[in-house]
Amino acid sequence: MYKSIDMLADQGNGAAAIAAGPPASTFAMPEIFTSISDEWQEKFAQTDWVPDLGRDIGSFTWFRGLITLVLLCGIAISCLPDFGPINGHQNAALTGFRADQARSQTIAPLAYGSDTGIRMAATDAVRPLAQSPERPSIELVATLGRGDSLRRVLQRAGVASAEAREVTDLVSGAVTLGEIEPGTKIDVTLGRRPAKNQPRPLDQLAFRARFDLNLEILRNSGQLELNRKPILVDDTPLRIKGVVGSSLYRSARAGGAPTEAVQKYLQVIGKKMSVSRDIRSTDEFDIILGYRRAETGEVEVGDLLYAGIERDGKAKAQMVKWTSNGRANWFEASGVGQSRGELVRPTRGRKTSSYGMRRHPILRYKRMHSGIDFGGGYGAPIYAVTDGKVTYAGRKGGYGKFVKIKHSGGLASGYAHMSRIAVSNGKRVRKGQIIGYIGSTGLSTGPHLHYELYRNGRTINPNSVKFIQRAELSGKELRRFKGELQRLQQVTPGAALGALKSASTGPKKQREISRLSKESIS
């Protein structure tokens, strides 16, 4: 039915042409804009938007790369997802009848009134209270202040005046009221009072009266009774020993000695020797302190009892605190001690003549007596009043055998009429050292010591300088002192820190099943 064009051409003699109509009308961009767009596309394609920022820093290319980096980071940050919580399903709050039903099955805390269960309306059985009820008992803690009394503390706590007086009498029968330390806590329990206008009766009272005693007062059949509760206390002294090393203070502190005890130890030892010159690093210090431990765990550190220095296993200094004639003093192991003062008394004899004008017993005319005379038996020791250097030792006219010692501060001392001199010229002596013995050489009517004191070469009244009263133990007191020294030296270092036995001495309870098991085995 249809024929191709080629076939039609073959059949006809002339040429045939097919004429196409004009194209549909389309939008044609102006030629100038097309050229500009092509130019910018080419420039955009040739531009390096991500250059190496490590090169050409500060150039236009570098800043262009930096802007690209900032834009990319901003786009990345803006695309971060949201990490907020995802809200799930929430039950609707209970209201109305449903809330009341749920509340009746809960337990509300006391802070919210604890009003749980289904509420009920008041009936005729409900009667209003005539007055608010009182607590059956009140427990409180009172503190004994400094300068306060036990009776006033109890009255401030609400105890009746008569009962406070009764409690004070009971306590005073067990301990001295002055022994109760300020700051003691007193547990007080007051009972129910018969009427509001009357004080509450005391039901119970307990406190620690002493380190080794608890006291408790209970009401039994309407009467107050006192119960003593002793506390087991270990009184073993605390002994600390160690090598001096580079610092005596630091070594003692490292050994566990308290600061106050170490300072007192240095003061005591310093009266016998120079801590900086006479103590070597290889010496051993020996400190004994008063120490008390209660089975309840409390500890009391007492005063320094013993101060010693040992060299090569031998005692170089041994000082013991001892109370003699009502006064505490430090004594050497030999039983000789000193009290406070400036100069040691040169001898133990009494004064027989004072400083000043007097009639000379031999020359029989008045002249200045430039010293003090001390009586004493022939051969009694004479002591150096303080540290110094012997500047003269020998015979000197009417002074007989005479010793002169130069001290610091422009002071010097002289000792006359000796029977024997125990030091030599130029020798250094220490306070309390024996320098000679009482005699009657020179112009003397009998054995005595003529003692003079000089300041800058001129005699002064020795009474202007106080003597140290030199104490020396003897007889029974010396034996008791030696016994105490021996007891302290037998204390093992660190023994006071061992395990403390309990005060309970009763047999340990045995379980019934354990007893039956032993019987079946036997």
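Colleague: In which sense do strand S2 (residues 185-190) and strand S3 (residues 202-210) pair, and over how many bridges?

Modeller: Strands of a sheet pair through backbone hydrogen bonds, either parallel or antiparallel. Here S2 and S3 pair in the antiparallel sense, over five bridges, and Ile186 stands opposite Phe207 in S3. Two strands are said to pair if DSSP finds at least two bridges between them; helices (H or I, at least four residues) and strands (E, at least two) are DSSP runs, numbered from the N terminus. This is a predicted model, in which local features need pLDDT of at least 70 and side-chain atom pairs count only at pLDDT 80 or more, while totals for chains, interfaces and linings use all residues. Residues are numbered from 1 along each chain as its sequence is written, and side-chain values use heavy atoms, with hydrogens and water left out.

Colleague: What is the strand order of the open sheet of five strands?

Modeller: The order is S1-S2-S3-S4-S5, with antiparallel pairing. Strand S1 (138-143) and strand S5 (223-230) are the edge strands, each pairing on one side only.

Colleague: Why is strand S21 (residues 411-421) described as largely enclosed?

Modeller: Buried means under 20% relative accessible area, exposed over 50%, and partly exposed in between (1.4 Å probe, protein chains only). Nine of the 11 residues of S21 are buried, so the strand is largely enclosed by the rest of the structure.

Colleague: How many aromatic pairs does a search of the whole structure find?

Modeller: Rings of Phe, Tyr and Trp (its six-membered ring) pair if their centres lie within 6.5 Å; planes under 30 degrees apart count as stacked, over 60 as edge-to-face and the rest as tilted. The search finds seven aromatic pairs. One of them joins Trp62 and Phe63 edge-to-face, at 5.0 Å centre to centre and 85° between the planes. Trp62 counts as buried at 17% relative accessibility, whereas Phe63, at 42%, is partly exposed.
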